[in-house]
Amino acid sequence: RCTGDALRAFHTAMRSSPVNTKNQAMKEQAQGTMLKVLTSFKSSEIEQAVNSLDRNGIDLLMKYIYKGFEKPTENSSAILLQWHEKVRVWCSLGSAPLCQVLVSAFVR
């Protein structure tokens, strides 16, 4: 079970994502914040966080995961792979074609 603080931080970071801005500094700050949030989760907590999202949230999360792979920090890649796996499972359970495209594009 996910701690309340981690899940709250996750949802806050997701809600405050600057998706429609062209301000690169703001996007990079949001990416850094999200990477800190994602890497703060224990492996056993990731699935609950992923399952709390809708399709749009999953799409945004995948974008953050890919950005995290582009600029890894200490041990972030291993944790991001765990997030990616939980998203892949989430996508395989529903009819989420966009997720399937994103996941398959990443795996290639």
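This is a predicted model: local features need pLDDT of at least 70, side-chain atom pairs count only at pLDDT 80 or more; totals for chains, interfaces and linings use all residues.

Guide: Residues are numbered from 1 along each chain as its sequence is written, and side-chain values use heavy atoms, with hydrogens and water left out.

Visitor: Why is the pair of Phe-10 and Phe-41 called edge-to-face?

Guide: Rings of Phe, Tyr and Trp (its six-membered ring) pair if their centres lie within 6.5 Å; planes under 30 degrees apart are stacked, over 60 edge-to-face, the rest tilted. Here the centres are 5.8 Å apart and the planes at 75 degrees, so Phe-10 and Phe-41 are edge-to-face.

Visitor: What makes Phe-10 count as buried?

Guide: Buried means under 20% relative accessible area, exposed over 50%, partly exposed in between (1.4 Å probe, protein chains only). Phe-10 has 0% relative accessibility, so Phe-10 is buried. Phe-41, at 5%, also counts as buried.

Visitor: How do you know that Phe-41 and Trp-83 form an edge-to-face pair?

Guide: Their centres lie 5.1 Å apart, with 80 degrees between the planes. Ring pairs link Phe-10, Phe-41 and Trp-83 into a cluster. Trp-83 is buried too.

Visitor: What classes of residue make up the lining of the largest pocket?

Guide: Six nonpolar (Ala, Val, Leu, Ile, Met, Phe, Trp, Tyr, Cys, Pro), six charged (Asp, Glu, Lys, Arg) and five polar (the others, Gly among them).
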